[in-house]
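Open the viewer and keep the selection tool ready. We will go from stop to stop.

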Amino acid sequence: QVQLVESGGGLVQAGGSLRLSCAASGRTFSSYAMGWFRQAPGKERELVTCIAWSGGSTIYVDSVKGRFTISRDNAKNTVYLQMNSLKPEDTAVYYCAAGRWGADSNDYDYWGQGTQVTVSS
């Protein structure tokens with residue numbers, strides 16, 4: 001069992017930066033791939049990025065490539081999402097998830113409660 005708690009969301013102007021954190025409980029954190037998903041109002045939840053258990057492999061959705069960076073610290077049971085050059089279209093609730101490697105939400109078994117990111121123009 002893994003419990004996930006996100007933090008770091010908020011309101012930022014376009015072009016600004018935010019760093020999301022996701023703290024995990026449980027001793028098996030390092031065995032899970034971790035993902036960040038987002039869901040904007042009226043839209044389906046989509047993968048933003050994910051990282052393998054070792055941190056050696058990552059996937060990014062095209063719209064965030066070059067702007068967002070995922071990283072993890074297995075010693076601290078934490079995964080991070082550094083978001084730079086934010087755009088209004090990045091506005092969404094961001095969710096942290098733990099599971100097996102993959103880009104589909106069905107690949108992930110555990111979810112956080114979500115944190116709101118709002119980017120003003």
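## Stop one: a threonine and its neighbours

Select T115 and G9: the side chain of T115 reaches the backbone nitrogen of G9 at 3.3 Å. Keep in mind that this is a predicted model. T115 is found in strand β11, which covers residues 115–120. Is T115 buried or exposed? T115 has a relative accessible area of 11%. The cut-off for buried is under 20%, so T115 counts as buried.

Now show what surrounds T115. Leaving out residues up to four places away in sequence, T115 touches E6, G8, G9, L20, A92, V93 and Y94.

## Stop two: aromatic rings

Next, look at the rings. How many aromatic pairs does a search of the whole structure find? The search finds four. Select F37 and W111 for one of them. Their ring centres are 4.9 Å apart. The planes meet at 55°, so this pair is tilted.

F37 lies in strand β4 (residues 33–39). W111 lies in strand β10 (residues 108–111).

Check the surface around each ring. F37 is buried, at 1% relative accessibility. W111 is partly exposed, with a relative accessible area of 28%.

Y108 and W111 form an edge-to-face pair. Their centres are 6.5 Å apart, with 70° between the planes. Y108 has a relative accessible area of 4%, so Y108 is buried. Together, F37, Y108 and W111 form one aromatic cluster.

## Stop three: charges over rings

R45 lies over the face of W111, at 4.7 Å from the ring centre.

Then move to R19 and Y80. What sits over the ring of Y80? It is the charged end of R19, 4.0 Å from the centre of that ring.

## Stop four: salt bridges

Clear the rings and turn to charged side chains. Side chains of opposite charge can pair when their charged atoms come close. The structure holds five salt bridges.

Select R38 and E46. They form a salt bridge, and the closest N and O atoms are 2.7 Å apart. E46 is partly exposed, at 30% relative accessibility. R38 is buried, with a relative accessible area of 6%.

Is D90 buried or exposed? D90 counts as buried, at 1% relative accessibility.

Which residues are linked in a network of salt bridges? They are R38, E46, R67 and D90.

## Last stop: another salt bridge

Finally, select D107 and R100. They form a salt bridge, with the closest N and O atoms 3.5 Å apart. D107 has 14% relative accessibility, so D107 counts as buried.

Notes
Residues are numbered from 1 along each chain as its sequence is written. This is a predicted model: local features need pLDDT of at least 70, side-chain atom pairs count only at pLDDT 80 or more; totals for chains, interfaces and linings use all residues. Side-chain values use heavy atoms; hydrogens and water are left out. Helices (H or I, at least four residues) and strands (E, at least two) are DSSP runs, numbered from the N terminus. Buried means under 20% relative accessible area, exposed over 50%, partly exposed in between (1.4 Å probe, protein chains only). A polar contact is a pair of N or O atoms within 3.5 Å; within protein, one must be able to donate a hydrogen and the other to accept it, and residues adjacent in sequence count only if both atoms are side-chain atoms. Contact means heavy atoms within 4.5 Å. Rings of Phe, Tyr and Trp (its six-membered ring) pair if their centres lie within 6.5 Å; planes under 30 degrees apart count as stacked, over 60 as edge-to-face and the rest as tilted. A charge sits over a ring if NZ of Lys or CZ of Arg is within 6 Å of the ring centre and within 35 degrees of the ring normal. A salt bridge is a side-chain nitrogen of Lys or Arg within 4 Å of a carboxyl oxygen of Asp or Glu.
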